[in-house]
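Take a walk through this structure with me.

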Amino acid sequence: MSRRRRPATSPPWPVTLPAVLALAFLTLPVIGLLVRTPWGHLLDILTSKTSLDALRLSLETSIAATIIAFLVGVPLAWLLARSEFVGRRLARALVTVPLVLPPVVGGIALLLAFGRRGLVGQYLDSCCGITLPFTTPGVVVAETFVAMPFLIITVEGALRGLDSKLEDAAATLGAGRWTIFRRVTLPLIGPSLIAGAVLTFARALGEFGATITFAGNLPGVTQTLPLAVYVGLEGDLDQAVALSLILLLVSIAVLVGLRDRWLRTGSAS
Amino acid sequence: MTDDSTQGIHATIGIDRGEFTLDMSLTVAPGEVVAVLGPNGAGKSTLLRGLVGLTPIDRGSIRLDDVVVDDPDADVLIEPAKRRIGVVFQEYRLFPHLTVEDNVAFGLRSAGFGKQAAQVASQEWIDRLELAALRARKPGELSGGQAQRVALARALATKPRALLLDEPLSALDIATRQDVRTHLSGHLRQFAGPTVLVTHDPLDALVLADRVVVLEGGRVTQEGTTHEVAQRPSTPYVASVMGLNLLRGKALAGIVQLDDGGELQAPDASTVGPVLVAIRPAAISLHAHRPEGSARNVWQGVVDNIQPVGDRVRVSVSASPSVVVDVTRSAVVELGLVRDTSVWLSTKATELEVYAG
């Protein structure tokens with residue numbers, strides 16, 4: 001066997017060592033979670049009433065938050081991307097606030113706005129008898145608040161990047177603005193709509209701070225998965241780990257799903 | 001002819017875009033194909049956007065048949081969707097997410113036809129443009145020529161009052177261009193309304209159009225039948241795209257004194273005063289020695305540049321007048337042509353196109 005000659009391409013150790021450390025730092029916690037998972041009675045834990053309630057509530061509220069974000073967020077994204085109005089820059093900046101705001105602060109802000117004595121909440125209470133804090137709709141409100149910016153920013157970016165040539169072509173074919181939006185614009189930004197919706201769903205599913213502040217931690221009513229994990233840490237560690245595993249799986253599914261989406265369709269060409 | 005004065009496109013268009021201004025008039029009769037020929041940046045796209053309604057005009061008015069679609073003075077501006085102008089865009093702009101069939105039916109769907117009805121109505125155009133076999137394909141799966149036919153079918157299916165084509169052949173490779181051009185010519189002839197063809201390719205204008213409007217720097221610099229424009233260019237741009245030498249001078253008693261030096265014998269003495277002289281590069285011969293013979297125009301010069309064009313060679317000669325000459329490859333060898341070679345040029349007076357300019 002002849003020795004194969006290779007050019008010296010291995011990176012210098014001052015680069016390699018920190019890089020390996022960084023990778024280990026990012027992966028070890030996940031490995032720790034997998035190692036500590038009570039595989040033997042995992043099914044029992046996950047089918048317990050607390051777990052099932054939390055899982056069901058999390059799915060319901062996250063899906064509801066995603067739908068609401070979609071219904072009002074896409075139109076807002078369109079306005080931000082396509083129309084000129086006074087205060088558009090300010091509006092765009094405000095949209096990003098929930099992204100950088102600590103969720104707990106978001107929760108308090110929500111209380112001050114939609115609480116029983118809140119800016120809007122007092123009228124909701126007095127006129128329609130609607131109370132949001134410490135209710136399941138309150139969870140949806142908290143999740144929508146923190147997650148919708150992901151959808152708006154993704155879709156707005158897609159709309160800005162979209163060449164208006166196809167929309168112009170549609171106009172010459174007699175299509176009105178609504179028809180163009182429905183039959184040309186929306187399908188063309190389809191991949192970004194899905195990506196934005198998935199990101200929104202994932203963020204809503206993992207929401208903790210704003211939810212616990214605004215909606216509390218009532219099992220079966222406002223106790224979503226992350227909250228159940230937190231409670232589990234105090235009493236039943238096995239349950240906390242098992243529920244964490246579910247959240248981990250969802251995160252990985254989101255990552256894989258998004259990557260697949262973007263690879264397959266990419267931007268409209 | 002009685003109706004023609006009100007039918008078709010009657011446009012006086014002024015559009016300001018920063019430093020650039022477009023100011024031109026355009027009249028196109030029903031059934032007529034007018035080519036707007038111009039270099040890049042001449043204002044062709046601006047004109048098209050103005051006609052279609054994507055850019056409102058700043059001055060003038062646009063009338064389509066008996067409907068005013070844009071008139072800033074009268075505060076009339078009809079949006080693109082209501083103008084019923086069919087457009088075949090450069091690069092075609094087919095909807096990538098729709099099949100060929102749905103692309104063709106798009107205009108009819110927009111007009112309120114149901115899916116079923118729109119497909120039935122667009123069937124005619126699918127057949128006419130031989131798209132039946134491609135109906136289920138997406139635009140990404142079409143060749144350039146096929147995409148162009150889909151774009152044409154999509155525009156015609158809306159039964160437009162006028163048809164605009166923006167560089168309809170520029171997206172195609174040279175090999176298919178000729179073939180597609182011939183097909184396109186047939187379809188344009190069948191269209192009963194006015195057609196405007198925007199192009200920078202003189203061959204498109206010559207093959208497809210009845211009349212040519214030359215646009216340079218936002219102004220019309222020449223207008224006439226394709227034959228006139230091809231034979232008697234009035235600007236250096238037109239002459240160069242038509243592949244002609246264009247010289248300017250003054251004619252008197254059958255002799256043209258050229259502005260840049262030299263003189264040429266005209267075919268006759270009928271034209272007097274400021275004239276333009278167009279000479280085909282192939283109508284000029286090169287010689288190593290002063291030629292004996294019937295050619296009336298003989299002058300001497302120095303080879304400036306040599307460039308192969310197809311199976312011929314284009315030689316630029318610095319002389320009075322300076323011209324480009326097309327010769328065969330063997331002539332280049334026989335005459336030993338290189339840069340700075342001294343040569344004699346000759347051309348018959350009858351090869352000169354002399355006209356007032």
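Across the interface of domain 1 of chain B and domain 2 of chain B, 4 residue pairs are in polar contact, with both residues at pLDDT 80 or more. A polar contact is a pair of N or O atoms within 3.5 Å; within protein, one must be able to donate a hydrogen and the other to accept it, and residues adjacent in sequence count only if both atoms are side-chain atoms. On the side of domain 1 of chain B that touches domain 2 of chain B, the elements giving two or more residues are α7 (226-231) and α8 (236-241) of chain B. Helices (H or I, at least four residues) and strands (E, at least two) are DSSP runs, numbered from the N terminus. The residues of that side divide into 4 nonpolar, 3 polar and 1 charged. Here Ala, Val, Leu, Ile, Met, Phe, Trp, Tyr, Cys and Pro count as nonpolar, Asp, Glu, Lys and Arg as charged, and the others, Gly among them, as polar.

A word on the model: it is predicted, local features need pLDDT of at least 70, side-chain atom pairs count only at pLDDT 80 or more, and totals for chains, interfaces and linings use all residues. Residues are numbered from 1 along each chain as its sequence is written, chains are lettered from A and ligands numbered from 1 in the order in which they are written, and side-chain values use heavy atoms, with hydrogens and water left out.

Where do the domains of chain B lie? Domain 1 covers 9-239 and domain 2 covers 243-356; such bounds come from an automatic or database domain assignment. The centres of domain 1 of chain B and domain 2 of chain B, taken over C-alpha atoms, are 39 Å apart. Their contact (heavy atoms within 4.5 Å) takes 8 residues from domain 1 of chain B and 9 residues from domain 2 of chain B.

The size of an interface is often given as the accessible area lost when the parts come together. Domain 1 of chain B and domain 2 of chain B bury about 670 Å² between them, 51% of it on carbon and sulfur atoms. Buried area is the accessible area (1.4 Å probe) that two parts lose on being put together, summed over both. In domain 1 of chain B, the residues losing the most area to domain 2 of chain B are B:Arg232, B:Pro233 and B:Ala239, together 65% of what that side buries.

Side chains of opposite charge can pair when their charged atoms come close. A salt bridge is a side-chain nitrogen of Lys or Arg within 4 Å of a carboxyl oxygen of Asp or Glu. Between the two domains of chain B the count is 1 salt bridge. B:Glu353 forms a salt bridge with B:Arg232, with the closest N and O atoms 2.8 Å apart.

Now compare chain against chain. Chain B and chain A bury about 1,700 Å² between them, 66% of it on carbon and sulfur atoms. The contact takes 21 residues from chain B and 16 residues from chain A. B:Arg93, B:His97 and B:Phe106 lose the most area in chain B, together 31% of what that side buries. This interface holds 1 salt bridge. B:Arg49 forms a salt bridge with A:Asp168, at 3.6 Å between the closest N and O atoms. There are also 3 residue pairs in polar contact. On the side of chain B that touches chain A, α1 (44-52), β7 (85-88), α2 (100-110) and α4 (144-156) of chain B each give two or more residues. The largest share, 4 residues, comes from α2(B). That side divides into 13 nonpolar, 4 polar and 4 charged residues.

Over all chains, the whole structure has 27 salt bridges. One of them joins A:Glu60 and A:Arg56, with the closest N and O atoms 3.4 Å apart. These residues are 4 apart in helix α3 (residues 49-82) of chain A, so about one helical turn separates them. A:Glu60 is partly exposed at 42% relative accessible area. Buried means under 20%, exposed over 50%, and partly exposed in between (1.4 Å probe, protein chains only). A:Lys49, A:Asp53, A:Arg56 and A:Glu60 are linked in a network of salt bridges.
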